[in-house]
Amino acid sequence: MELSEGLKTRTSVRAFLRKPVPRELIADILAEAQQAPSSSNQQPWHFHVITGKPLALLTEQILAAHRQNRKPYDPSKGKTIPPLYVERTKKLFRELRPFLQKLGEEHRAFIETGSLRLYDAPVAVLLTLHTSFPRNRLMDIGMAAQNLMLAAHARGLGTCAIGLVLYYEDIIRAALELAPDCALALMIALGYPDSSSPVNDFRSSREPLADCVSWLGFEEQGY
Ligand SMILES: Cc1cc2nc3c(=O)[nH]c(=O)nc-3n(C[C@H](O)[C@H](O)[C@H](O)COP(=O)(O)O)c2cc1C
């Protein structure tokens, strides 16, 4: 797959086949994720790859905690973000709704509980870094995460970045026996896409490029 085609066709996958993903294939994907640039080549990422019983147990525990004390989806994490971005979240849900109606699911509930069970993906990859790194080093983790998602896509696998599970950080820490100096960055659901599910037909939109670009110095150069 051409890189450019991969960039244009990758989408978040929210329904997976129960088919297992071979360990060697995951290792190939992670080797490409590792090719991401990082500040001073420190490669601050660590990939925790979870499948089978440990994954089933983890999602069971998260869902049980959610049922007891529901932490609703809040993309702005309690902070006041400019209305423009709140509107974009609303737009995502509006656009997603018809696809979920085909499944007979209420869209918020689908995203909330779906995210917490990692959309039943056969594999989850948790990306962590050492707590001593400053916040801007999450950039390095983000680059590795994007590489991972594109490497998976190039092999016919699907992914969905899942931030929502991190609300249940304590449960993840205990289940994976993470050291106290290990900071959680992102979970990624990984597996073969279920192409029969209407939710995987959904394509999120993008704002016009002009709304997020400022061009400087081009006019004086004549273009
Ligand atoms: C940091 C991050 C966290 C995300 N968390 C979730 C999540 O918890 N649940 C979910 O369904 N999608 C989640 N997503 C996926 C986004 O909703 C998705 O990337 C966005 O709507 C654009 O759609 P696309 O990935 O199909 O292009 C997350 C994406 C990122 C980058």
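Predicted model: local features only at pLDDT ≥ 70, side-chain atom pairs only at ≥ 80, totals over all residues.
Two residues are in contact when their C-beta atoms, placed from the backbone, lie within 7 Å.

Now to the overall architecture. The protein has seven helices and four strands. Read from the N terminus, the order of elements is α-α-β-α-α-α-β-α-β-α-β. The C-alpha trace spans about 60 × 45 × 40 Å along the principal axes. For 223 residues, a compact globule would have a radius of gyration near 17 Å, and the protein has 19 Å, which agrees. Of the 223 residues, 28% are buried. Among contacts with a separation of 6 or more, 86% are between residues 24 or more positions apart.

How far apart are the end C-alpha atoms of H3, and does the value agree or disagree with what 17 residues should span? At 1.5 Å a residue, the 17 residues of H3, residues 52–68, should span 24 Å; the end C-alpha atoms are 25 Å apart, which agrees. The buried residues of this helix are Leu 55, Leu 58, Thr 59, Ile 62 and His 66. Together they cover an arc of only 90° around the axis, which puts them on the same side of H3. On the other side, the exposed residues are Lys 53, Leu 57, Ala 64, Arg 67 and Gln 68. What covers the buried residues of H3? The cover includes strand E1, residues 46–51, helix H5, residues 107–116, strand E2, residues 123–130, and helix H7, residues 169–176.

Leaving aside neighbours within four places in sequence, Leu 55 is in contact with Ile 50 and Ala 124.

Next, the surroundings of the ligand. The ligand is surrounded by 13 residues, of which the closest are Ser 12, Ala 161, Gly 163, Leu 164 and Ser 204. Which elements each supply at least two residues of this shell? They are H5 and strand E3, the latter running over residues 158–162. The largest share, three residues, comes from E3. By type, the shell divides into seven nonpolar residues, five polar and one charged.

Asn 41 is not a glycine, yet has a positive phi of about 55°. Asn 41 is placed in the loop between H2 and E1, and this residue is exposed, with 7 other C-beta atoms within 10 Å. Tyr 119, also not a glycine, has a positive phi of about 50°. Tyr 119 belongs to the loop between H5 and E2. Is Tyr 119 buried or exposed? With 26 C-beta neighbours inside 10 Å, Tyr 119 counts as buried.

Finally, Asp 201. This residue is located in the segment after strand E4, which covers residues 182–191. Asp 201 has 12 other C-beta atoms within 10 Å and is therefore exposed, since a residue is exposed if 12 or fewer lie within that distance. The C-alpha atoms of Asp 201 and Arg 14 are separated by 9.9 Å, although the two residues are 187 residues apart along the chain.

Thank you for your attention.

Definitions and conventions: Residues numbered from 1 in each chain as written. Expected span 1.5 Å × (residues − 1). Buried ≥ 20, exposed ≤ 12 C-beta atoms within 10 Å, placed from the backbone. Arc of directions from axis to C-beta. Rg over C-alpha atoms; globule rule 2.2 N^0.38 Å. Near = placed C-beta within 6 Å. Nonpolar A, V, L, I, M, F, W, Y, C, P; charged D, E, K, R; others polar.
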